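Work through the exercises below with the sequence and the model side by side, and try each task before you read its solution.

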Amino acid sequence: MGKRRLALCAGVLAVTAFGPAACAAYAADGGGVLVVPAAPAPGADIALGVTGCDAREAVAQSPALVSDARLTPAGDGLAGDARVRSTLTAGTYEVTVACDGTEHKGTLEVVRKHTPAAGAEPSAHPSPVAPVNAGGGGAARALADSRERHGPGTAQTVVALALAGTAALTVHRAARRQARSARGTG
């Protein structure tokens, strides 16, 4: 009984914490194909997902992607990673996933890369100008010095939601198996 409560609490917590951001990301893509982030810059890595597909794998195709993306089972659908072509101009591109004889479509809005204003100095040197800190010490200082603090992005939110759902489902299935075996031996 304790495992069921744990699974239920984990599921409620995941939906409460990550549900609004995941729903907003899904609504932003305008179709059956989830694209996270929905508006990347050229050269960015993106996550793709599709639900309502019973196949073991599918392929996502788009002229905006460097290559076709292989989607494999994840949570309630299929998911995979891709990279946006670095030579693209800003605009909206279609993403298509053929699955079980059905074509799922979505859009990918590529935005212009942020470039510094003319005459602005770069924020970092292009190559080291001092000895490089080895290990985690150099990374910790760079993170501590960063001016902006951000929470988890949409991609991290969707992955966390998928992991939480998978964990809840696993705990639930284990509890059902245990209950069945207890009934069979009693």
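**Exercise 1. Find how many disulfides the structure holds, and describe what is joined.**

Solution. Begin with the criterion: a disulfide is a pair of cysteine sulfur atoms within 2.5 Å. A search of the whole structure with this criterion gives 1 disulfide, and the residues it joins are Cys53 and Cys99, with an S to S distance of 1.3 Å. Cys53 belongs to the loop between strand S2 (45-51) and strand S3 (58-61), while Cys99 belongs to strand S6 (residues 91-99), so the pair ties together parts that are 46 residues apart in sequence. Then look at the geometry, where the link of Cys53 and Cys99 is right-handed, with 80° about the S-S bond. Finally, both Cys53 and Cys99 are buried, where buried means under 20% relative accessible area, exposed over 50%, and partly exposed in between (1.4 Å probe, protein chains only).

A note on the source: this is a predicted model, in which local features need pLDDT of at least 70 and side-chain atom pairs count only at pLDDT 80 or more, while totals for chains, interfaces and linings use all residues. Residues are numbered from 1 along each chain as its sequence is written, and side-chain values use heavy atoms, with hydrogens and water left out.

**Exercise 2. Decide whether His104 is buried or exposed, and list what it touches.**

Solution. First locate His104, which is found in strand S7 (residues 102-110). Its relative accessibility is 13%, and therefore His104 counts as buried. For its surroundings, take contact to mean heavy atoms within 4.5 Å. Not counting residues up to four places away in sequence, His104 touches Val33, Val50, Thr51, Gly52, Cys53, Val95, Thr96, Val97 and Cys99, and this list includes Cys53 and Cys99, the two residues that the disulfide joins.

**Exercise 3. Describe strand S1 and its pairing with S2.**

Solution. Start with the side chains of S1 (residues 33-36): Val33 and Val35 point one way, Leu34 and Val36 point the other way, and all are buried. Two strands pair if DSSP finds at least two bridges between them, and here 4 bridges join S1 to S2, which run antiparallel. Within this pairing, Leu34 stands opposite Gly49 in S2. Another residue of S2 is Ala47, which has a relative accessible area of 24% and is therefore partly exposed. Leaving aside neighbours within four places in sequence, Ala47 is in contact with Leu34, Val35, Val36, Gly80 and Asp81. The C-alpha atoms of Ala47 and Ala82 are separated by 6.3 Å, although these residues are 35 residues apart along the chain.

**Exercise 4. Summarise the chain as a whole.**

Solution. Count the elements first: the chain has 3 helices and 7 strands. Read from the N terminus on, their order is α-β-β-β-β-β-β-β-α-α. Then turn to burial, where 24% of the 186 residues of the chain count as buried. Last, consider the contacts in the chain with a separation of 6 or more, of which 57% are accounted for by residues 24 or more positions apart.

Note on methods: Helix = DSSP H or I, 4+ residues; strand = E, 2+ residues; numbered from the N terminus.
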